[in-house]
Amino acid sequence: MASGEGKKSGEGKKANANAKGGGKKKEVKKETGLGLSYKKEENFGEWYSEVCVNGEMIEYYDISGCYILRPWTMAVWETMQTFFDAEIKKMKIKNCYFPLFVSPGVLQKEKDHIEGFAPEVAWVTKSGQSDLEVPIAIRPTSETVMYPYYSKWIRGHRDLPLRLNQWCNVVRWEFSHPTPFIRSREFLWQEGHTAFATKEEADKEVLEILELYRRIYEEYLAIPVIKGKKSEMEKFAGGFYTTSVEAFIPNTGRGIQGATSHCLGQNFAKMFDITFENEKGEKAMVWQNSWAYSTRTIGVMVMVHGDDKGLVMPPKVASVQIIVVPVPFKDADTQAIFDACDATVNTLNEAGFRAEADLRDNYSPGWKYSHWEMKGVPLRIEIGPKDLANKQARAVRRDNSAKIDIPIVNLVEQVKDMLDNIQQNLFDVAKQKRDACIKTVRTWDEFIEALGQKKMILAPWCDEMEVEKDVKARTKGETGAAKTLCAPFDQPDLEGVNCFVTGKPAKKWSYWGRSY
Ligand code: 87F
(Lines give C-alpha, C1' and ligand atoms only; values in the text may rest on other atoms or scores of the structure.)
Protein backbone atom coordinates (compact mmCIF):
# COMPACT_ATOMS: atom_id res chain seq x y z
CA MET A 1 0.00 0.00 0.00
CA ALA A 2 1.46 3.33 -1.00
CA SER A 3 2.09 5.67 1.87
CA GLY A 4 0.69 9.18 1.95
CA GLU A 5 -2.68 8.14 0.61
CA GLY A 6 -4.42 9.41 3.69
CA LYS A 7 -5.64 5.99 4.73
CA LYS A 8 -7.43 5.53 7.98
CA SER A 9 -5.62 3.72 10.72
CA GLY A 10 -8.20 0.93 10.63
CA GLU A 11 -7.85 0.50 6.91
CA GLY A 12 -4.10 -0.01 7.07
CA LYS A 13 -4.27 -2.46 9.93
CA LYS A 14 -6.97 -4.62 8.42
CA ALA A 15 -5.59 -4.56 4.92
CA ASN A 16 -2.22 -5.69 6.21
CA ALA A 17 -3.53 -8.31 8.56
CA ASN A 18 -6.03 -9.92 6.26
CA ALA A 19 -5.36 -9.08 2.69
CA LYS A 20 -1.65 -9.30 1.97
CA GLY A 21 -1.00 -12.61 0.34
CA GLY A 22 -4.53 -12.85 -0.98
CA GLY A 23 -6.66 -13.53 2.07
CA LYS A 24 -4.69 -15.75 4.41
CA LYS A 25 -6.43 -16.70 7.65
CA LYS A 26 -5.66 -14.69 10.77
CA GLU A 27 -3.32 -16.69 13.03
CA VAL A 28 -5.77 -17.51 15.80
CA LYS A 29 -9.51 -17.30 15.64
CA LYS A 30 -11.01 -17.60 19.08
CA GLU A 31 -14.48 -19.01 19.45
CA THR A 32 -15.29 -16.41 22.10
CA GLY A 33 -14.84 -12.65 22.01
CA LEU A 34 -17.29 -12.09 19.18
CA GLY A 35 -17.97 -8.57 20.34
CA LEU A 36 -16.71 -5.34 18.82
CA SER A 37 -13.60 -3.72 20.23
CA TYR A 38 -14.80 -0.17 19.43
CA LYS A 39 -17.94 1.61 20.53
CA LYS A 40 -20.06 3.68 18.15
CA GLU A 41 -20.10 6.66 20.52
CA GLU A 42 -16.40 6.52 21.35
CA ASN A 43 -14.60 5.84 18.10
CA PHE A 44 -17.03 6.02 15.24
CA GLY A 45 -14.50 5.51 12.44
CA GLU A 46 -13.00 2.34 13.85
CA TRP A 47 -16.41 1.10 14.95
CA TYR A 48 -17.69 1.49 11.39
CA SER A 49 -14.82 -0.47 9.80
CA GLU A 50 -15.13 -3.18 12.40
CA VAL A 51 -18.90 -3.54 11.95
CA CYS A 52 -18.54 -3.78 8.17
CA VAL A 53 -15.91 -6.53 8.49
CA ASN A 54 -17.27 -8.48 11.48
CA GLY A 55 -20.81 -8.25 10.14
CA GLU A 56 -19.42 -9.99 7.03
CA MET A 57 -20.47 -7.27 4.62
CA ILE A 58 -16.98 -6.21 3.57
CA GLU A 59 -13.55 -7.76 3.37
CA TYR A 60 -10.58 -5.46 3.01
CA TYR A 61 -8.51 -5.94 -0.12
CA ASP A 62 -4.82 -5.38 -0.81
CA ILE A 63 -5.49 -2.30 -2.93
CA SER A 64 -6.34 0.73 -0.82
CA GLY A 65 -9.90 1.94 -1.32
CA CYS A 66 -11.08 -1.33 -2.86
CA TYR A 67 -13.33 -3.69 -0.93
CA ILE A 68 -14.80 -7.12 -1.42
CA LEU A 69 -18.60 -6.99 -1.24
CA ARG A 70 -19.63 -10.23 0.45
CA PRO A 71 -22.98 -12.00 -0.06
CA TRP A 72 -24.44 -10.26 3.00
CA THR A 73 -23.91 -6.95 1.18
CA MET A 74 -24.95 -8.11 -2.28
CA ALA A 75 -28.31 -9.35 -0.97
CA VAL A 76 -29.11 -5.81 0.23
CA TRP A 77 -27.97 -4.35 -3.08
CA GLU A 78 -30.07 -6.84 -5.04
CA THR A 79 -33.21 -6.02 -3.06
CA MET A 80 -32.84 -2.32 -3.81
CA GLN A 81 -31.96 -3.15 -7.40
CA THR A 82 -35.09 -5.28 -7.84
CA PHE A 83 -37.27 -2.45 -6.54
CA PHE A 84 -35.66 0.31 -8.56
CA ASP A 85 -35.34 -1.70 -11.75
CA ALA A 86 -39.06 -2.58 -11.71
CA GLU A 87 -40.01 1.06 -11.05
CA ILE A 88 -37.95 2.49 -13.89
CA LYS A 89 -39.29 -0.17 -16.25
CA LYS A 90 -42.79 1.09 -15.41
CA MET A 91 -41.52 4.50 -16.56
CA LYS A 92 -40.45 2.91 -19.88
CA ILE A 93 -36.77 3.29 -19.12
CA LYS A 94 -34.72 0.48 -20.67
CA ASN A 95 -31.53 -1.19 -19.50
CA CYS A 96 -28.39 -1.26 -21.62
CA TYR A 97 -24.67 -1.76 -21.15
CA PHE A 98 -21.88 0.43 -22.48
CA PRO A 99 -18.16 -0.43 -22.31
CA LEU A 100 -15.97 0.18 -19.26
CA PHE A 101 -13.27 1.91 -21.32
CA VAL A 102 -13.26 5.46 -22.61
CA SER A 103 -11.05 6.77 -25.39
CA PRO A 104 -9.11 9.87 -24.38
CA GLY A 105 -10.50 11.92 -27.27
CA VAL A 106 -14.07 11.47 -26.16
CA LEU A 107 -13.22 12.12 -22.50
CA GLN A 108 -11.60 15.42 -23.52
CA LYS A 109 -14.75 16.54 -25.28
CA GLU A 110 -16.20 17.13 -21.91
CA LYS A 111 -13.11 18.94 -20.67
CA ASP A 112 -14.89 21.94 -19.18
CA HIS A 113 -16.46 19.96 -16.43
CA ILE A 114 -13.96 17.07 -16.48
CA GLU A 115 -11.19 19.45 -15.45
CA GLY A 116 -11.94 19.29 -11.74
CA PHE A 117 -12.40 15.53 -11.88
CA ALA A 118 -9.32 14.71 -14.01
CA PRO A 119 -7.06 13.62 -11.10
CA GLU A 120 -9.57 10.89 -10.25
CA VAL A 121 -9.62 9.29 -13.68
CA ALA A 122 -7.73 5.96 -13.81
CA TRP A 123 -5.92 4.96 -17.02
CA VAL A 124 -4.81 1.70 -18.59
CA THR A 125 -1.42 2.31 -20.15
CA LYS A 126 -0.02 -1.18 -20.81
CA SER A 127 -0.94 -4.61 -22.07
CA GLY A 128 1.60 -7.08 -20.79
CA GLN A 129 4.98 -5.36 -21.05
CA SER A 130 4.16 -3.12 -23.99
CA ASP A 131 2.80 0.38 -23.75
CA LEU A 132 -0.58 0.89 -25.37
CA GLU A 133 -0.45 3.14 -28.41
CA VAL A 134 -3.12 5.27 -26.82
CA PRO A 135 -3.85 5.04 -23.10
CA ILE A 136 -7.47 4.20 -22.29
CA ALA A 137 -9.49 5.67 -19.41
CA ILE A 138 -11.74 3.65 -17.11
CA ARG A 139 -15.22 5.17 -16.79
CA PRO A 140 -15.75 7.37 -13.73
CA THR A 141 -19.30 8.00 -15.09
CA SER A 142 -20.60 7.39 -18.60
CA GLU A 143 -21.68 10.70 -20.17
CA THR A 144 -18.76 10.71 -22.59
CA VAL A 145 -19.18 7.01 -23.32
CA MET A 146 -22.87 7.18 -24.12
CA TYR A 147 -23.62 10.58 -25.61
CA PRO A 148 -21.79 10.13 -28.94
CA TYR A 149 -24.27 7.28 -29.58
CA TYR A 150 -27.22 9.38 -28.45
CA SER A 151 -26.13 11.80 -31.14
CA LYS A 152 -26.13 8.97 -33.68
CA TRP A 153 -29.40 7.35 -32.59
CA ILE A 154 -31.52 10.46 -32.20
CA ARG A 155 -32.61 11.90 -35.57
CA GLY A 156 -36.23 12.96 -35.36
CA HIS A 157 -38.84 13.65 -32.68
CA ARG A 158 -40.06 10.08 -33.04
CA ASP A 159 -36.76 8.86 -31.60
CA LEU A 160 -37.57 10.69 -28.37
CA PRO A 161 -37.67 10.25 -25.52
CA LEU A 162 -34.57 8.06 -25.30
CA ARG A 163 -34.43 6.68 -21.78
CA LEU A 164 -31.60 4.32 -20.86
CA ASN A 165 -30.16 3.00 -17.63
CA GLN A 166 -27.20 0.82 -16.86
CA TRP A 167 -26.21 -1.15 -13.78
CA CYS A 168 -22.44 -1.13 -13.63
CA ASN A 169 -19.24 -0.40 -11.75
CA VAL A 170 -17.29 2.85 -12.00
CA VAL A 171 -13.79 3.80 -10.91
CA ARG A 172 -12.76 7.10 -9.30
CA TRP A 173 -9.24 7.17 -7.95
CA GLU A 174 -9.95 8.91 -4.65
CA PHE A 175 -7.02 10.06 -2.56
CA SER A 176 -8.62 11.09 0.68
CA HIS A 177 -9.75 8.75 3.40
CA PRO A 178 -11.05 5.58 1.74
CA THR A 179 -14.07 4.24 3.65
CA PRO A 180 -16.05 1.08 2.84
CA PHE A 181 -19.18 1.91 0.78
CA ILE A 182 -18.87 5.64 1.48
CA ARG A 183 -15.69 6.47 -0.39
CA SER A 184 -14.26 3.61 -2.44
CA ARG A 185 -12.25 3.64 -5.64
CA GLU A 186 -14.57 1.25 -7.39
CA PHE A 187 -18.28 1.12 -6.65
CA LEU A 188 -21.52 -0.23 -8.06
CA TRP A 189 -24.34 2.03 -9.14
CA GLN A 190 -27.06 2.53 -11.67
CA GLU A 191 -26.70 5.47 -13.99
CA GLY A 192 -29.69 6.71 -15.93
CA HIS A 193 -29.24 8.92 -18.99
CA THR A 194 -32.31 10.25 -20.74
CA ALA A 195 -33.09 12.66 -23.58
CA PHE A 196 -36.37 14.49 -24.22
CA ALA A 197 -37.81 16.91 -26.75
CA THR A 198 -38.92 19.34 -24.05
CA LYS A 199 -37.68 20.79 -20.78
CA GLU A 200 -41.03 20.01 -19.14
CA GLU A 201 -40.65 16.28 -19.71
CA ALA A 202 -37.09 16.38 -18.37
CA ASP A 203 -38.13 18.37 -15.27
CA LYS A 204 -40.88 15.89 -14.50
CA GLU A 205 -38.56 12.90 -14.70
CA VAL A 206 -35.96 14.49 -12.43
CA LEU A 207 -38.54 14.57 -9.63
CA GLU A 208 -39.97 11.13 -10.34
CA ILE A 209 -36.53 9.59 -10.04
CA LEU A 210 -35.76 11.61 -6.91
CA GLU A 211 -38.94 10.22 -5.35
CA LEU A 212 -37.71 6.67 -6.07
CA TYR A 213 -34.45 7.53 -4.31
CA ARG A 214 -36.41 8.84 -1.33
CA ARG A 215 -38.32 5.57 -1.23
CA ILE A 216 -35.12 3.49 -1.32
CA TYR A 217 -33.84 5.35 1.74
CA GLU A 218 -37.05 5.74 3.69
CA GLU A 219 -39.05 2.62 2.79
CA TYR A 220 -36.22 0.12 2.34
CA LEU A 221 -33.27 1.36 4.39
CA ALA A 222 -35.44 3.08 7.05
CA ILE A 223 -33.37 6.27 6.79
CA PRO A 224 -35.01 9.71 6.70
CA VAL A 225 -33.78 11.96 3.89
CA ILE A 226 -34.37 15.52 2.78
CA LYS A 227 -35.21 16.23 -0.83
CA GLY A 228 -33.89 19.43 -2.29
CA LYS A 229 -31.88 21.33 -4.83
CA LYS A 230 -28.12 21.75 -4.76
CA SER A 231 -26.52 25.20 -4.78
CA GLU A 232 -24.73 26.47 -7.89
CA MET A 233 -21.45 25.59 -6.21
CA GLU A 234 -22.44 22.05 -5.27
CA LYS A 235 -24.39 21.06 -8.38
CA PHE A 236 -22.94 18.84 -11.10
CA ALA A 237 -20.86 21.38 -13.02
CA GLY A 238 -21.81 19.94 -16.40
CA GLY A 239 -25.52 20.15 -15.68
CA PHE A 240 -28.32 22.70 -15.49
CA TYR A 241 -29.53 21.94 -11.97
CA THR A 242 -29.05 19.11 -9.47
CA THR A 243 -31.55 17.65 -7.03
CA SER A 244 -30.58 15.24 -4.27
CA VAL A 245 -31.70 13.30 -1.25
CA GLU A 246 -29.59 14.16 1.79
CA ALA A 247 -29.10 11.95 4.84
CA PHE A 248 -27.37 12.81 8.12
CA ILE A 249 -25.08 10.84 10.42
CA PRO A 250 -25.72 12.11 13.97
CA ASN A 251 -22.56 10.55 15.47
CA THR A 252 -20.22 12.50 13.24
CA GLY A 253 -22.49 15.47 12.62
CA ARG A 254 -22.04 15.09 8.88
CA GLY A 255 -24.51 15.28 6.06
CA ILE A 256 -24.22 12.72 3.29
CA GLN A 257 -25.51 13.04 -0.25
CA GLY A 258 -27.65 9.97 -0.74
CA ALA A 259 -28.31 10.10 -4.49
CA THR A 260 -28.58 12.72 -7.22
CA SER A 261 -31.00 13.40 -10.04
CA HIS A 262 -29.71 16.02 -12.48
CA CYS A 263 -31.32 18.00 -15.22
CA LEU A 264 -28.48 18.51 -17.68
CA GLY A 265 -30.40 21.06 -19.73
CA GLN A 266 -28.95 21.31 -23.24
CA ASN A 267 -25.29 21.54 -22.23
CA PHE A 268 -24.37 18.04 -23.36
CA ALA A 269 -26.60 18.29 -26.42
CA LYS A 270 -24.40 21.19 -27.52
CA MET A 271 -21.14 19.38 -26.72
CA PHE A 272 -22.12 16.10 -28.36
CA ASP A 273 -24.40 17.48 -31.05
CA ILE A 274 -27.51 15.64 -29.88
CA THR A 275 -30.15 17.23 -32.08
CA PHE A 276 -33.42 16.19 -33.66
CA GLU A 277 -35.88 17.42 -36.22
CA ASN A 278 -38.98 18.60 -34.36
CA GLU A 279 -42.58 18.38 -35.50
CA LYS A 280 -42.24 21.65 -37.41
CA GLY A 281 -39.27 20.27 -39.32
CA GLU A 282 -36.79 22.48 -37.45
CA LYS A 283 -33.52 21.32 -35.92
CA ALA A 284 -33.67 21.35 -32.10
CA MET A 285 -31.46 20.29 -29.21
CA VAL A 286 -32.59 17.61 -26.76
CA TRP A 287 -33.10 18.16 -23.03
CA GLN A 288 -31.22 15.62 -20.93
CA ASN A 289 -31.17 14.18 -17.43
CA SER A 290 -28.82 11.88 -15.60
CA TRP A 291 -29.29 10.24 -12.22
CA ALA A 292 -27.57 7.70 -10.00
CA TYR A 293 -27.53 5.95 -6.67
CA SER A 294 -24.70 3.71 -5.57
CA THR A 295 -23.57 1.17 -2.99
CA ARG A 296 -22.96 4.19 -0.76
CA THR A 297 -26.59 3.69 0.32
CA ILE A 298 -25.47 0.56 2.20
CA GLY A 299 -22.80 2.46 4.11
CA VAL A 300 -25.38 5.01 5.23
CA MET A 301 -27.55 2.12 6.47
CA VAL A 302 -24.68 0.66 8.51
CA MET A 303 -23.81 4.06 9.99
CA VAL A 304 -27.37 5.04 10.90
CA HIS A 305 -28.69 1.78 12.38
CA GLY A 306 -25.62 -0.12 13.59
CA ASP A 307 -24.94 -0.33 17.35
CA ASP A 308 -22.39 -1.71 19.79
CA LYS A 309 -23.48 -5.28 19.03
CA GLY A 310 -22.94 -4.83 15.30
CA LEU A 311 -25.12 -4.35 12.23
CA VAL A 312 -28.84 -3.69 12.46
CA MET A 313 -30.58 -4.61 9.21
CA PRO A 314 -33.98 -3.22 8.29
CA PRO A 315 -36.21 -6.26 7.59
CA LYS A 316 -37.03 -5.15 4.05
CA VAL A 317 -33.42 -5.45 2.92
CA ALA A 318 -32.08 -8.11 5.30
CA SER A 319 -30.75 -11.16 3.53
CA VAL A 320 -32.00 -13.25 6.49
CA GLN A 321 -34.98 -11.72 8.30
CA ILE A 322 -35.41 -14.42 10.91
CA ILE A 323 -32.76 -16.71 12.34
CA VAL A 324 -34.06 -19.75 14.17
CA VAL A 325 -31.76 -21.10 16.89
CA PRO A 326 -32.30 -24.41 18.71
CA VAL A 327 -31.65 -24.28 22.45
CA PRO A 328 -31.18 -27.93 23.47
CA PHE A 329 -30.78 -28.74 27.15
CA LYS A 330 -28.84 -31.66 28.52
CA ASP A 331 -31.69 -34.13 28.84
CA ALA A 332 -33.97 -32.68 26.22
CA ASP A 333 -35.00 -34.37 23.02
CA THR A 334 -32.52 -32.63 20.73
CA GLN A 335 -33.92 -34.17 17.58
CA ALA A 336 -37.43 -32.93 18.36
CA ILE A 337 -36.06 -29.41 18.90
CA PHE A 338 -34.14 -29.49 15.63
CA ASP A 339 -37.25 -30.75 13.83
CA ALA A 340 -39.30 -27.93 15.34
CA CYS A 341 -36.68 -25.44 14.07
CA ASP A 342 -36.86 -26.88 10.56
CA ALA A 343 -40.64 -26.82 10.63
CA THR A 344 -40.62 -23.19 11.80
CA VAL A 345 -38.28 -22.18 8.98
CA ASN A 346 -40.43 -23.99 6.42
CA THR A 347 -43.60 -22.32 7.66
CA LEU A 348 -41.94 -18.90 7.53
CA ASN A 349 -40.38 -19.43 4.10
CA GLU A 350 -43.69 -20.63 2.70
CA ALA A 351 -45.29 -17.47 4.03
CA GLY A 352 -42.74 -15.47 2.03
CA PHE A 353 -40.20 -14.56 4.72
CA ARG A 354 -36.46 -15.05 4.48
CA ALA A 355 -35.80 -17.42 7.41
CA GLU A 356 -32.94 -19.77 8.21
CA ALA A 357 -32.11 -22.18 11.01
CA ASP A 358 -28.65 -22.28 12.54
CA LEU A 359 -28.35 -25.97 13.37
CA ARG A 360 -24.56 -26.09 13.65
CA ASP A 361 -23.53 -28.35 16.52
CA ASN A 362 -20.07 -26.86 17.05
CA TYR A 363 -21.36 -23.51 18.38
CA SER A 364 -23.31 -22.80 21.56
CA PRO A 365 -26.67 -20.98 21.43
CA GLY A 366 -25.02 -17.96 23.11
CA TRP A 367 -22.35 -17.80 20.44
CA LYS A 368 -25.00 -18.00 17.73
CA TYR A 369 -26.98 -15.16 19.35
CA SER A 370 -23.94 -12.88 19.24
CA HIS A 371 -23.06 -13.97 15.71
CA TRP A 372 -26.46 -13.17 14.24
CA GLU A 373 -26.70 -9.97 16.26
CA MET A 374 -23.39 -8.92 14.75
CA LYS A 375 -24.85 -9.59 11.31
CA GLY A 376 -27.92 -7.55 12.20
CA VAL A 377 -30.65 -10.15 11.61
CA PRO A 378 -33.90 -8.36 12.61
CA LEU A 379 -35.55 -11.23 14.48
CA ARG A 380 -34.24 -14.28 16.35
CA ILE A 381 -36.46 -17.20 17.21
CA GLU A 382 -35.27 -19.51 19.97
CA ILE A 383 -36.76 -22.95 20.43
CA GLY A 384 -35.99 -24.94 23.58
CA PRO A 385 -37.65 -27.86 25.42
CA LYS A 386 -40.08 -25.58 27.28
CA ASP A 387 -41.16 -23.87 24.08
CA LEU A 388 -41.68 -27.25 22.49
CA ALA A 389 -43.83 -28.41 25.40
CA ASN A 390 -45.88 -25.18 25.35
CA LYS A 391 -46.22 -25.10 21.54
CA GLN A 392 -44.58 -21.70 21.40
CA ALA A 393 -41.36 -20.02 20.30
CA ARG A 394 -39.45 -17.14 21.82
CA ALA A 395 -38.86 -14.18 19.51
CA VAL A 396 -36.15 -11.59 20.22
CA ARG A 397 -35.95 -8.30 18.33
CA ARG A 398 -32.57 -7.01 17.19
CA ASP A 399 -33.57 -3.35 17.28
CA ASN A 400 -34.71 -3.11 20.91
CA SER A 401 -33.98 -6.56 22.44
CA ALA A 402 -37.69 -7.05 23.25
CA LYS A 403 -38.59 -10.69 23.84
CA ILE A 404 -42.01 -12.22 23.32
CA ASP A 405 -43.35 -15.76 23.34
CA ILE A 406 -45.33 -16.56 20.23
CA PRO A 407 -47.87 -19.42 20.15
CA ILE A 408 -46.87 -21.53 17.13
CA VAL A 409 -50.40 -21.27 15.72
CA ASN A 410 -49.93 -17.49 15.40
CA LEU A 411 -46.37 -17.68 14.11
CA VAL A 412 -46.77 -16.20 10.63
CA GLU A 413 -49.12 -13.46 11.69
CA GLN A 414 -47.03 -12.33 14.66
CA VAL A 415 -43.73 -12.51 12.80
CA LYS A 416 -45.21 -10.31 10.11
CA ASP A 417 -46.36 -7.77 12.69
CA MET A 418 -42.99 -7.79 14.41
CA LEU A 419 -41.00 -7.30 11.19
CA ASP A 420 -43.29 -4.46 10.11
CA ASN A 421 -42.93 -2.95 13.53
CA ILE A 422 -39.12 -3.25 13.47
CA GLN A 423 -38.97 -1.61 10.05
CA GLN A 424 -41.13 1.29 11.26
CA ASN A 425 -39.32 1.60 14.59
CA LEU A 426 -35.91 1.80 12.90
CA PHE A 427 -37.18 4.65 10.76
CA ASP A 428 -38.84 6.43 13.69
CA VAL A 429 -35.75 6.21 15.90
CA ALA A 430 -33.47 7.33 13.06
CA LYS A 431 -35.79 10.25 12.35
CA GLN A 432 -35.94 11.25 16.00
CA LYS A 433 -32.15 11.27 16.20
CA ARG A 434 -31.81 13.14 12.91
CA ASP A 435 -34.43 15.72 13.86
CA ALA A 436 -32.70 16.30 17.20
CA CYS A 437 -29.63 17.33 15.17
CA ILE A 438 -31.43 19.91 13.01
CA LYS A 439 -30.99 23.47 14.19
CA THR A 440 -32.61 26.49 12.59
CA VAL A 441 -30.48 29.63 12.84
CA ARG A 442 -30.76 33.28 11.76
CA THR A 443 -27.33 34.72 12.49
CA TRP A 444 -23.65 33.91 11.93
CA ASP A 445 -23.01 33.44 15.66
CA GLU A 446 -25.86 30.95 15.98
CA PHE A 447 -24.54 29.18 12.89
CA ILE A 448 -21.02 28.79 14.32
CA GLU A 449 -22.39 27.58 17.64
CA ALA A 450 -24.60 24.98 15.94
CA LEU A 451 -21.73 23.83 13.73
CA GLY A 452 -19.65 23.29 16.87
CA GLN A 453 -22.49 21.11 18.18
CA LYS A 454 -22.36 18.92 15.04
CA LYS A 455 -25.76 20.07 13.82
CA MET A 456 -27.38 20.04 10.43
CA ILE A 457 -28.19 23.69 10.08
CA LEU A 458 -31.18 25.26 8.37
CA ALA A 459 -30.31 28.85 7.59
CA PRO A 460 -31.73 31.66 5.43
CA TRP A 461 -29.32 32.57 2.63
CA CYS A 462 -28.99 35.21 -0.06
CA ASP A 463 -27.99 32.41 -2.50
CA GLU A 464 -24.75 34.07 -3.61
CA MET A 465 -21.87 31.79 -4.52
CA GLU A 466 -19.31 34.20 -3.05
CA VAL A 467 -21.03 33.84 0.31
CA GLU A 468 -20.89 30.05 0.19
CA LYS A 469 -17.17 30.27 -0.66
CA ASP A 470 -16.69 32.63 2.23
CA VAL A 471 -18.52 30.30 4.66
CA LYS A 472 -16.35 27.42 3.46
CA ALA A 473 -13.16 29.43 3.98
CA ARG A 474 -14.20 30.68 7.42
CA THR A 475 -15.19 27.24 8.72
CA LYS A 476 -12.23 25.33 7.35
CA GLY A 477 -10.70 23.30 10.14
CA GLU A 478 -9.50 19.83 10.96
CA THR A 479 -12.94 18.30 10.48
CA GLY A 480 -13.59 19.94 7.13
CA ALA A 481 -15.47 23.04 6.05
CA ALA A 482 -19.21 23.60 6.17
CA LYS A 483 -21.07 23.81 2.88
CA THR A 484 -24.62 23.74 1.64
CA LEU A 485 -26.24 20.31 1.57
CA CYS A 486 -29.40 21.35 -0.28
CA ALA A 487 -32.20 23.87 -0.35
CA PRO A 488 -35.14 21.73 0.79
CA PHE A 489 -38.18 21.64 -1.49
CA ASP A 490 -40.15 22.06 1.69
CA GLN A 491 -39.27 25.74 2.39
CA PRO A 492 -40.17 27.60 5.60
CA ASP A 493 -41.57 31.11 5.25
CA LEU A 494 -39.08 33.66 3.84
CA GLU A 495 -41.01 36.83 4.49
CA GLY A 496 -38.79 39.50 6.10
CA VAL A 497 -36.00 36.97 6.70
CA ASN A 498 -32.38 37.97 6.09
CA CYS A 499 -29.27 36.03 5.06
CA PHE A 500 -27.41 34.66 8.09
CA VAL A 501 -24.09 35.84 6.62
CA THR A 502 -24.68 39.10 4.76
CA GLY A 503 -27.91 40.36 6.31
CA LYS A 504 -29.33 40.90 2.81
CA PRO A 505 -32.89 39.68 2.16
CA ALA A 506 -32.75 35.86 2.05
CA LYS A 507 -33.66 34.13 -1.22
CA LYS A 508 -34.01 30.63 0.22
CA TRP A 509 -33.66 28.45 3.27
CA SER A 510 -30.78 26.04 2.88
CA TYR A 511 -29.31 23.17 4.90
CA TRP A 512 -25.65 23.62 5.80
CA GLY A 513 -23.18 21.37 7.52
CA ARG A 514 -20.02 19.34 7.33
CA SER A 515 -20.42 16.44 5.00
CA TYR A 516 -18.92 13.23 3.61
C1 87F B 1 -14.93 11.78 -11.47
C2 87F B 1 -14.08 11.71 -12.56
C3 87F B 1 -14.52 12.12 -13.81
C4 87F B 1 -18.27 12.83 -10.71
C5 87F B 1 -16.21 12.28 -11.63
O6 87F B 1 -24.04 12.26 -10.79
C7 87F B 1 -15.79 12.62 -13.98
C8 87F B 1 -16.64 12.71 -12.89
O9 87F B 1 -18.43 13.63 -14.08
C10 87F B 1 -17.97 13.22 -13.00
N11 87F B 1 -17.04 12.35 -10.56
N12 87F B 1 -18.74 13.26 -11.90
C13 87F B 1 -20.12 13.75 -11.96
C14 87F B 1 -21.10 12.66 -12.30
C15 87F B 1 -22.37 13.23 -12.77
C16 87F B 1 -23.52 12.27 -13.08
N17 87F B 1 -23.18 11.21 -13.97
C18 87F B 1 -24.24 10.25 -14.27
C19 87F B 1 -24.22 11.77 -11.88
C20 87F B 1 -25.28 10.76 -12.08
C21 87F B 1 -24.93 9.72 -13.07
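## Exercises on a predicted model

Residues are numbered from 1 along each chain as its sequence is written, and side-chain values use heavy atoms, with hydrogens and water left out.

**Exercise 1.** Describe the packing of helix 3 and helix 9.

*Solution.* Step one: locate the helices. Helices are DSSP runs (H or I, at least four residues) and strands are E runs of at least two, numbered from the N terminus. Step two: take the geometry. Axes are lines fitted to C-alpha atoms over the stretch in contact, and angles run from 0 to 180 degrees between N-to-C directions. Step three: classify. Helix 3 is therefore roughly perpendicular to helix 9 (65 to 115 degrees).

**Exercise 2.** Do the analysis for helix 10 and helix 13.

*Solution.* Step one: helix 10 spans residues 334-350, and helix 13 spans residues 411-436. Step two: they pack at about 65 degrees, with axes 10 Å apart. So helix 10 is roughly perpendicular to helix 13. Step three: helix 10 passes helix 13 in a right-handed crossing.

**Exercise 3.** Characterise the shell around the ligand.

*Solution.* Step one: find the neighbours. The shell has 17 residues, each with a heavy atom within 4 Å. Phe-117, Thr-141, Glu-143, Arg-172 and His-262 come nearest. Step two: sort them. Eight are nonpolar, six polar and three charged (nonpolar: Ala, Val, Leu, Ile, Met, Phe, Trp, Tyr, Cys and Pro; charged: Asp, Glu, Lys and Arg; polar: the others, Gly among them). Step three: trace the sources. Strand 14 gives the most, three residues.

**Exercise 4.** List polar side-chain contacts to the ligand (N or O pairs within 3.5 Å).

*Solution.* Step one: check nitrogen. A side-chain N or O atom of Glu-143 is 2.6 Å from a ligand nitrogen. For Arg-172 the distance to a ligand nitrogen is 3.3 Å. A polar side-chain atom of Thr-260 lies 3.5 Å from a ligand oxygen. The protein covers 93% of the 480 Å² of accessible area that the ligand has on its own (Shrake-Rupley, 1.4 Å probe).

Definitions and conventions:
This is a predicted model: local features need pLDDT of at least 70, side-chain atom pairs count only at pLDDT 80 or more; totals for chains, interfaces and linings use all residues. A polar contact is a pair of N or O atoms within 3.5 Å; within protein, one must be able to donate a hydrogen and the other to accept it, and residues adjacent in sequence count only if both atoms are side-chain atoms. Angles under 35 degrees count as roughly parallel, over 145 as roughly antiparallel, 65 to 115 as roughly perpendicular and the rest as oblique. A crossing is left-handed if the near helix is turned anticlockwise from the far one by less than a right angle, and right-handed if clockwise.
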